[in-house]
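Biologist: I have opened a new model and would like to go through it. Could you guide me?

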Amino acid sequence: MRTTYGPPEIVHLTDVPAPQVGPGDVRVAVHATTVNRTDCGVRAGHPFFIRAFTGLFRPRATVLGNEFAGVVESVGPGVTRFSAGDRVFGYSPRFGAHAGLLSISQHGLVAAVPAGLPLEDVAPATEGAHYALSIIRKAGISGGQDVLVNGATGAIGSAAVQLLADLGARVTAVCGTAHTGLVRGLGADRVIDRDKADFTKDGHHYDVVFDAVGKSSIGRCRPLLKPRGLYLTTDLGPWSQNAVLPVVTRLARGRRVMLPTPIETPQVIEYLCERIASGRFRPVVDRRYPFGQIVEAYRYVETGQKVGNVVITVVPPR
């Protein structure tokens, strides 16, 4: 947990009261969770404007973590979807997954773990993937479209490549030399090695450029887009311009910018669960840390070098 904003070192392990189980809630014994960019940003209180939602001077959520996989320990009155002993995974928008126990509504972003899959393998299946799926759906991307994914090795980007390929889109992925083989294995039709070429000078034209790391801009990517093409971003940009450009570019009726907000409904998790069960989507895992090394996990995520997801094992598998 943490009680203030700051660097990874403010996070520490301690005993806290077990979360309450209200009507319609399930309490999950967490076996695995993750550390991701969202956790890092909320822990640091950066960018500053997020404190309007997380607490201006002191954080409201002292226990971070939004992805989890574990076993239902108990259920509240009125719960019909799950029973004690069920293996579940999901996403907690209000955090709380960096703990031994987590309480979440049965109607939240939680689903049964597909048979035969280890909990540690499905724990990282929701945060980046639900952002990727939300963006794909809000942008209306469909099969047959040409899509470029910048940042194809991150949690969002690696999920986006797989989900777009599953839809039947023609995917061009941008990544570093060391990961071109990985990205091809995720379903990319073409791979641009960013260590050898500037992807914005690519001769192809795309219906959509999906900037999954928020490190480019519509200005740089405009030459890549078809006349009515769409630039999707996951970041506000250095001057927060991406909060305004969606409105401006929509009025201009040409190439457009979108900064979609996430869709957080049970149907999103069920969609991902079906694709995990069928093998059409698998979360990419970079490193695994035991719960006692969660500070080291935060430090690594903040290097910006992670590939896919960083998993935290709360309860070692038997």
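This is a predicted model: local features need pLDDT of at least 70, side-chain atom pairs count only at pLDDT 80 or more; totals for chains, interfaces and linings use all residues.

Biologist: Why is helix 10 described as largely enclosed by the rest of the structure?

Modeller: Because six of the eight residues of helix 10 (residues 294-301) are buried. Buried means under 20% relative accessible area, with a 1.4 Å probe and protein chains only. Helices here are DSSP runs of H or I with at least four residues, and strands are runs of E with at least two, numbered from the N terminus.

Biologist: Which residues of helix 10 are buried?

Modeller: They are Ile294, Val295, Ala297, Tyr298, Tyr300 and Val301.

Biologist: And what do the buried residues pack against?

Modeller: Their partners are strand 1 (25-35), helix 1 (37-44), strand 12 (285-290) and strand 13 (309-313), where contact means heavy atoms within 4.5 Å.

Biologist: Turning to the surface, is Phe57 buried or exposed?

Modeller: Phe57 is exposed, at a relative accessible area of 68%; exposed means over 50%.

Biologist: Where is Phe57 placed?

Modeller: Phe57 sits in the loop between helix 2 (51-54) and strand 2 (67-75).

Biologist: Now the second largest pocket: what is its volume?

Modeller: The volume is about 720 Å³, taken as the space filled by probe spheres set on the grid points, which are joined across faces, edges and corners. A pocket is an open set of points on a 1 Å grid where a 1.4 Å probe fits, with protein on both sides within 12 Å along at least five of seven lines; lining residues have an atom within 4 Å of a point.

Biologist: Which element gives the most to the lining of the second largest pocket?

Modeller: Strand 4 does, with five residues.

Conventions
Residues are numbered from 1 along each chain as its sequence is written. Side-chain values use heavy atoms; hydrogens and water are left out.
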